[in-house]
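Please take some time to look over the sequence and the structure shown here before reading on.

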Amino acid sequence: MDTTNFNTDSFRDITFDLLSGIANDPLKLDEFAHAYLTKLHERTDGDNLRKYTRDIYEKILALQMIQSNPGFQLKDTFHEKIVIAYFWTFSNIHSSHMMPKLIGIDKRYSTAGVTIIGIHSPKYEHEKSKANVRHAMEEQSLPFNVVNDSSLSVWKHVGCQIWPTVLVFGPDAIPIFIFEGENHVQHTETFLAFALAYYKSGVRASPNISAAIKMSPDDPAANGATAKPAKFTYPSHLCITSSGQMCISYAGSNQLILCEIDGKVLEVVGNGHPGMADGDINQVEFDSPRGMAEYNSCIYIADTNNHAIRVFDPNSRRVLTLIGTGRLGTDKVGGLKRSQQPIASPWDLCITESPFDHKTVLLISMAGQHQIWAYAFEETQWWNNLTLQKNACLAIIGSGEEGNRNDPEPMSATLAAPRGICNGIMNGQPVLFIADSNSSSIRVVTLQNGNVSNLIGGDADPANLSAFGDLDGSGFNAKFQYPLGVAFHYPSSQLYITDTYNNKLKRVDMTTLICSSYFVTDIDTKKQRGESNSAKFNEPQGITIFDHFMFIADKNNSHVKRIDLDKGTIVRCRFNLSETLNEERTFGSKQAYLTIALPDALQLRETNTGTWTIEDEDGFKICDGELASSMSDQMLLDYIPREKQAARLKYEVVVCEGEKCTMMSGEVQPVNQTDSIIEFNIKIEQEEANTS
């Protein structure tokens with residue numbers, strides 16, 4: 001290697017060598033990582049390595065800051081800190097998959113001398129806007145600082161090739177790791193633990209102050225004010241039930257609203273805290289709920305960030321998990337039943353019938369796997385002589401590779417982060433329409449045989465995922481910019497589409513197959529001062545049609561709007577919460593802390609230290625995570641909803657005496673639990689370690 005000119009290719013080479021060695025002999029992870037860091041710091045071209053880092057820091061400092069915490073100065077970030085530079089963009093599903101891991105790292109290590117800088121590096125024109133990035137950050141509740149690389153200056157300087165990408169720099173400005181793509185970025189925390197152990201006193205820890213919760217100034221808990229009524233933010237999708245009621249999913253506030261068409265709210269489902277708890281509607285948790293579909297009077301929900309399908313029964317007023325483990329799945333085939341089957345970022349749902357035996361099937365647009373999956377309520381015949389087993393969930397469209405390839409064999413076709421999905425009619429035959437977001441196209445699937453073809457937008461080249469724009473027309477000549485929602489109006493044979501990043505509605509006439517922009521007239525007479533024109537959208541997402549009305553989730557405006565398709569007029573829907581939210585609710589959280597007491601002869605293992613799980617009195621998991629030896633004596637584990645009562649903490653922890661290490665496990669009850677804090681203590685005696 002040329003040691004006089006260190007660059008990103010050199011960086012890739014040395015990190016690749018490390019990862020290859022570990023892949024060949026995983027049991028030597030600790031040994032390889034320590035040797036790697038030692039060798040890196042023994043290089044004779046250390047000045048060149050530091051120049052590489054400082055050049056990147058200078059580029060970052062020149063960018064526009066989108067979010068900063070009170071008193072934060074970006075330049076202070078680079079001094080005596082381990083810095084994680086996270087290149088992401090809010091349209092990219094793989095960036096979304098890794099965001100919870102980055103948030104977790106920030107939560108666990110921000111006071112241990114680790115700083116994350118999000119470098120938003122857009123693909124689409126819409127993503128270059130500071131305001132749009134801020135909306136994405138607010139929707140995801142990002143706790144770390146983000147800069148807007150709208151012209152991709154840092155991205156190009158570094159030579160990034162894929163979203164997401166992580167660069168890790170030491171407190172001495174030595175570049176130590178580069179991870180590219182979801183499969184590698186997910187291991188960031190594992191290697192971060194090695195870096196913290198290696199640098200030890202070289203890292204300057206940050207004070208553990210209450211402001212680390214990063215409350216908004218508007219948060220009542222931040223200023224002692226009385227809590228404000230619940231606010232529902234970032235509506236994502238809508239569903240009209242067989243009884244004529246409407247259910248709306250709010251991805252920003254992690255809740256559902258069930259209401260009458262006239263806006264009278266019947267139920268608010270969810271406590272607003274991101275999580276996966278099942279149960280009564282006041283206690284249940286979601287994490288970015290999106291698409292919905294009704295079957296047998298129950299509402300099925302794509303709980304995107306929980307990688308799960310949930311079911312809300314309005315009669316029992318309870319929610320349960322039907323499909324998914326709560327963790328990101330990698331399976332691209334499926335076949336397991338119910339909650340045994342891991343899935344990845346389900347986005348929208350559609351109830352359809354098998355063309356062979358007319359039995360009902362739940363279809364799932366699996367954005368995270370670039371596929372369409374099916375769940376069978378009973379044993380069902382499907383195309384290619386496939387039998388869908390009762391309660392099984394499996395892939396039926398898409399190879400799992402991201403692309404835009406059309407194919408008569410459905411599992412050979414490729415999709416690109418499919419979002420919206422709906423039934424429709426084309427050439428007299430029942431079909432499925434798919435908003436294939438990252439190819440900026442609408443795909444059509446013939447239900448009789450699974451043939452996948454292009455309807456509108458995109459490009460003939462199956463590898464071209466950058467054929468986006470804003471053009472009316474037919475076939476590949478028409479252009480979208482990241483379409484997300486589709487709904488078919490049977491009386492007029494029109495397919496309506498939310499062209500999300502163009503902030504427009506469009507429609508395809510199925511007799512001519514011509515796509516045109518759809519404009520409406522604002523006739524809203526109930527506007528208050530300062531309200532914008534209802535005909536203007538800001539990232540419209542889900543749409544649904546009921547009779548001659550179409551309802552739209554106008555996400556970034558946090559509005560639901562109604563269009564009269566006969567008249568071409570639009571109004572904003574207003575919801576009457578007075579009978580439902582007759583008491584003010586607070587969705588604050590309390591901090592869970594853990595202290596581990598060890599005799600002088602023992603210490604926690606520096607890497608792969610252990611795991612913890614907090615449960616309620618019924619044995620249901622509230623939250624869980626990994627332990628790290630680099631944390632302070634009192635470890636901040638997580639934030640728990642204030643109304644949750646923790647009954648126990650279960651743990652597995654590795655303690656070492658010299659070279660001898662022992663796995664200890666057990667459970668402890670809280671030693672202190674109030675509305676603002678939960679404390680657990682684990683005390684391990686020397687005798688326990690010797691006998692385990």
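This is a predicted model: local features need pLDDT of at least 70, side-chain atom pairs count only at pLDDT 80 or more; totals for chains, interfaces and linings use all residues.

How many bridges join strand 9 (residues 255–260) to strand 10, and in which direction do the two strands run relative to each other? There are 4 bridges between strand 9 and strand 10, and the two run antiparallel; strands count as paired here if DSSP finds at least two bridges between them. The terms helix and strand refer to DSSP runs, numbered from the N terminus, where a helix is a run of H or I with at least four residues and a strand is a run of E with at least two. Within this pair, Leu258 stands opposite Glu267, which belongs to strand 10. The hairpin has 4 residues between its strands, and Gly263 in this hairpin takes a positive phi near 105°. Strand 10 (residues 265–269) is mostly covered, since 4 of its 5 residues are buried, where buried means under 20% relative accessible area, exposed means over 50%, and partly exposed lies in between, using a 1.4 Å probe and protein chains only.

Residues are numbered from 1 along each chain as its sequence is written, and side-chain values use heavy atoms, with hydrogens and water left out.

Seen as a whole, the chain contains 10 helices and 45 strands, and its C-alpha trace spans about 75 × 60 × 60 Å along the principal axes. A compact globule of 692 residues would have a radius of gyration near 26 Å, and the chain has 26 Å, which agrees; this radius is taken over C-alpha atoms, and the globule rule is 2.2 Å times the number of residues to the power 0.38. Of the 692 residues, 55% count as buried. Contact means heavy atoms within 4.5 Å, and among contacts between residues at least 6 apart in sequence, 58% join residues at least 24 apart.

We can now turn to the interior. In soluble globular proteins, nonpolar side chains tend to be buried together. A nonpolar core is defined as a set of buried Ala, Val, Leu, Ile, Met, Phe, Trp, Tyr and Cys residues joined through side-chain atoms within 4.5 Å. The largest such core in this model has 75 residues, and Leu167 and Phe177 are those with the most contacts inside it. Leaving aside neighbours within four places in sequence, Leu167 is in contact with residues that include Phe11, Tyr52, Val83, Phe87, Val158 and Phe177. A second, separate core of 24 residues includes Leu594, Ile596, Leu604 and Val655.

Helix 8 (residues 188–199) has 12 residues, of which 10 are buried, so this helix is largely enclosed by the rest of the structure. Among its buried residues are Phe191, Leu192, Phe194 and Tyr199. The expected span of a helix is 1.5 Å times one less than its number of residues, and helix 8 should therefore span 16 Å, which agrees with the 16 Å between its end C-alpha atoms. Just after helix 8, Lys200 takes a positive phi of about 45°. Phe194 is also touched by Ala33, as is Leu18, when residues up to four places away in sequence are not counted. Ala33 itself lies in helix 2 (residues 29–41) and is buried, with a relative accessible area of 1%.

The cysteines make a last topic. A disulfide is a pair of cysteine sulfur atoms within 2.5 Å, and by this rule the count comes to 1. Cys656 and Cys661 form this disulfide, with their sulfur atoms 2.1 Å apart, and the link is right-handed, with 100° about the S-S bond. Cys656 is buried, with a relative accessible area of 6%, whereas Cys661 is partly exposed, with 38%. Cys298, by contrast, is in no disulfide, and the nearest cysteine sulfur, that of Cys239, is 12 Å away.
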